[in-house]
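Here is a short note to go with the structure. Please read the points in order, with the model open beside them.

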Amino acid sequence: MKISIEKKDQHYSFEAQPGEKLLYAGLKAGFPLPYECATGTCGTCRARVKEGDIEEGWPEAPGKKGLKEDRREFLLCQAYVKEDSDFNNDTCLLGVPSAIKQFREDDLTPVHHQGEVRNWERLNAEVLQFDVVLDSAIQFHAGQFFVIQAPGIEGFRAYSMVNYEHETNTLTFVLKNKKNGAFSKWAFAQANEDGETKEVSLFGPLGRATFHPDEANNLFLVAGGSGIAGLMSILRHADVSGHFDNYSATLLFGVRTVDDVFYLAELNEMVGRYPNQITVHIVFSDHQSLAGHDLDLGRLNPGFGFVHEQALATIEPNLTDTMAYLAGPPPMIDALIRPLILEAKLPANKIRYDKFG
Ligand SMILES: Cc1cc2nc3c(=O)[nH]c(=O)nc-3n(C[C@H](O)[C@H](O)[C@H](O)COP(=O)(O)OP(=O)(O)OC[C@H]3O[C@@H](n4cnc5c(N)ncnc54)[C@H](O)[C@@H]3O)c2cc1C
Ligand code: FES
């Protein structure tokens, strides 16, 4: 089916296959449509049917809150073309509320992939690491994510890459168990089985909380739980691109207890190589001290309380030459954005984030 999208003087047309999410079809065609989570939770991809018919997809999507049914509003990341639409003759005209604009000149066009899941590794009781080996090598920007669909589970889930290579067919992900979550249950069940590889569908790379060495900034990184995933990728790209020859990084990694930490060896190794450039704080929200706990943080600094409070206590006023990357639960990110702008005087375009909502 031909989909046309218009916003003031902007007009785009692309084709969507039956069953294909309209957001993915449009992005794949090279049009920078508005989105954040790409999985139905944030509402950023709100659009309106002006002419024609679409299938709206997941009825309970949290991102649908506030959509105006009488204006035929829907989510581009959930809606798809009806199975019985006449592929050659049917058309649909959509409107979007915000301008369609490219992020950077080197934006990568996301596409559909098949991949095999391998190398399950349990990082702690609630966190798994796994690889997805794609059918061909791809590029992605550090900080980006893919959406993944497991066999028999409705809908895609967003996971950020932990690794970074200029070109690779292997994506490494870290997954925090979501209680009663369908994909989480599937992943933990797979990890407990004996090494059998499973095929998954993916779409990506996606996301704009990306690191680019040419932007020449110090890095201020704040992660809540599995939000560390994309920030590890950013640190790795900064490392291999020689970024730490000229710039520094401060990372605050928030967890609840000593049982929830992971990647301590990797972070220690990196701080060991760049002791004057990289500072890492592991911030425990459920402890007041590490006394009585059997945990050696090595070169990493302990902190106590909420990670956003520690981050604000750490940051200097009137920051210059700094890019902030925030990844984790939405309340953590919401608590940081305003003070970063008002107190640290960081321009809004120097704050990049992924809300893991
Ligand atoms: C940009 C981004 C990056 C993320 N990166 C990571 C990461 O690196 N590591 C990590 O652990 N977590 C990450 N998350 C959070 C992760 O996506 C969720 O924890 C995950 O979706 C939980 O899936 P689940 O199936 O276990 O839970 P469920 O509660 O079963 O599903 C949650 C999500 O699945 C989708 N969904 C559920 N039902 C349907 C349906 N019927 N149709 C369509 N979609 C449906 C929705 O997106 C929903 O929010 C990220 C989130 C975002 C937005
Ligand atoms: S991008 Fe569609 S709801 Fe988030």
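1. Domain 2 and domain 3 bury about 1,200 Å² between them, of which 60% is on carbon and sulfur atoms. Buried area here is the accessible area (1.4 Å probe) that two parts lose on being put together, summed over both. On the domain 2 side, N124, V162 and Y164 lose the most area to domain 3, together 38% of what that side buries.

2. This is a predicted model, in which local features need pLDDT of at least 70 and side-chain atom pairs count only at pLDDT 80 or more, while totals for chains, interfaces and linings use all residues. Residues are numbered from 1 along each chain as its sequence is written, chains are lettered from A and ligands numbered from 1 in the order in which they are written, and side-chain values use heavy atoms, with hydrogens and water left out.

3. The protein is assigned domain 1 (2-95), domain 2 (111-206) and domain 3 (213-355); such bounds come from an automatic or database domain assignment. The centres of domain 2 and domain 3, taken over C-alpha atoms, are 23 Å apart. Each of these two domains gives 15 residues to the contact, where contact means heavy atoms within 4.5 Å.

4. What kind of pairs cross the interface of domain 2 and domain 3? There are zero salt bridges across it, a salt bridge being a side-chain nitrogen of Lys or Arg within 4 Å of a carboxyl oxygen of Asp or Glu. Six residue pairs are in polar contact between domain 2 and domain 3 (both residues at pLDDT 80 or more). A polar contact is a pair of N or O atoms within 3.5 Å; within protein, one must be able to donate a hydrogen and the other to accept it, and residues adjacent in sequence count only if both atoms are side-chain atoms.

5. Elsewhere, salt bridges do occur: the count comes to 16. One of them joins E73 and R46, with the closest N and O atoms 3.1 Å apart. E73 lies in strand β4 (residues 73-75) and R46 in strand β3, so the pair ties together parts that are 27 residues apart in sequence.

6. The protein has six helices and 17 strands. Helices (H or I, at least four residues) and strands (E, at least two) are DSSP runs, numbered from the N terminus.

7. Two backbone details deserve a look. Most residues other than glycine have a negative phi, and most peptide bonds are trans. A38 has a positive phi, near 60°, and is found in the loop between α1 (22-28) and β3 (46-51). The peptide bond from G204 to P205 is cis, with omega near 5°, and P205 lies in strand β11 (residues 198-206).
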